[in-house]
Amino acid sequence: MVETLRYRDDEPVDHPAVTVDSFLDQSNATAVRIEPGDDARELLPHLERLALVEVNFPAFGDGRGYSSARILREAGYEGELRAVGDVLVDQLAYMRRCGFDAFEPDQQLDKDDVKAAFERWPEVYQNTGDGRTPIWTKRHA
């Protein structure tokens, strides 16, 4: 079984995520899975009851999940945002910058490679979803 990489201090959600359509039809679901083609904006009125949003990456080249992450974080979602599927170590830093704080790849990732991926670029140039301050704002502070 592949280990979930989680960078949060709260307890993990202990129940499976439902589809966006199922989530919108239920009043008790707290975990949802966004598939490519789903519109993350449909979840915005329900952010306060969401504890987990999984975003599926069926192929590493499908970048729609990055947009879903940014939409949710920019709207104020503070729960766990987990990238699942064809998640590669080369993508982790970019996914983190979009707001992902958990990763469940199809294939186990080497822990040293993961650590190196997150430490490779200590400074960022654009606004991020992970709370890091862009270097240009530090220069003008």
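Which residues form a negative surface patch? Here that patch is made by Asp 21, Asp 25, Asp 38 and Glu 42. Keep in mind that this is a predicted model, where local features need pLDDT of at least 70, side-chain atom pairs count only at pLDDT 80 or more, and totals for chains, interfaces and linings use all residues. Residues are numbered from 1 along each chain as its sequence is written, and side-chain values use heavy atoms, with hydrogens and water left out.

**The negative patch**

- Patches take residues with over 30% relative accessible area and no salt bridge, joining like charges within 9 Å and nonpolar side chains (Val, Leu, Ile, Met, Phe, Trp, Tyr) within 5 Å.
- For charge, Lys and Arg count as positive and Asp and Glu as negative, while His and the chain ends are not counted; the charge is placed at NZ of Lys, CZ of Arg, CG of Asp or CD of Glu.
- Asp 25, one of the patch members, sits in helix H1 (residues 20-25); helices (H or I, at least four residues) and strands (E, at least two) are DSSP runs numbered from the N terminus.
- Asp 25 counts as exposed because its relative accessibility is 68%, given that exposed means over 50%, buried under 20% and partly exposed in between (1.4 Å probe, protein chains only).
- The areas themselves come from the Shrake-Rupley method with a 1.4 Å probe, and for residues only the protein chains shown count as cover.

**Salt bridges**

- Side chains of opposite charge can pair when their charged atoms come close.
- The whole structure has 15 salt bridges, each being a side-chain nitrogen of Lys or Arg within 4 Å of a carboxyl oxygen of Asp or Glu.
- Asp 10 pairs with Arg 6, with 2.9 Å between the closest N and O atoms; Asp 10 is partly exposed at 34%, and Arg 6 is partly exposed at 22%.
- Arg 41 bridges to Asp 39, again with the closest N and O atoms 2.9 Å apart. Arg 41 is exposed at 52%, whereas Asp 39 is partly exposed at 27%.
- Arg 64 and Asp 62 meet at 2.7 Å, N to O. Arg 64 is partly exposed at 46%, but Asp 62 counts as buried because its relative accessibility is 15%.
- Shared partners link Arg 6, Arg 8, Asp 10, Arg 33, Glu 35, Glu 54, Arg 73, Glu 80, Arg 82, Asp 101 and Glu 104 into one salt-bridge network.

**A polar contact in the strands**

- Asn 56 belongs to strand E4 (residues 52-57) and is buried, at 13% relative accessibility.
- The Asn 56 side chain makes a 2.7 Å polar contact with the side chain of Glu 35. A polar contact is a pair of N or O atoms within 3.5 Å; within protein, one must be able to donate a hydrogen and the other to accept it, and residues adjacent in sequence count only if both atoms are side-chain atoms.

**Sequence versus space**

- Arg 33 lies in strand E3 (residues 31-34) and is partly exposed at 26%. Its C-alpha is 5.8 Å from that of Val 53, 20 residues away along the chain.
- Ile 71, in helix H2 (residues 64-74), is partly exposed at 28%. Ile 71 and Arg 41 are 30 residues apart in sequence and 7.0 Å apart, C-alpha to C-alpha.
- Gln 26 is in the loop between H1 and E3 and is partly exposed at 30%. Gln 26 and Ala 102 are 76 residues apart in sequence, with 25 Å between their C-alpha atoms.
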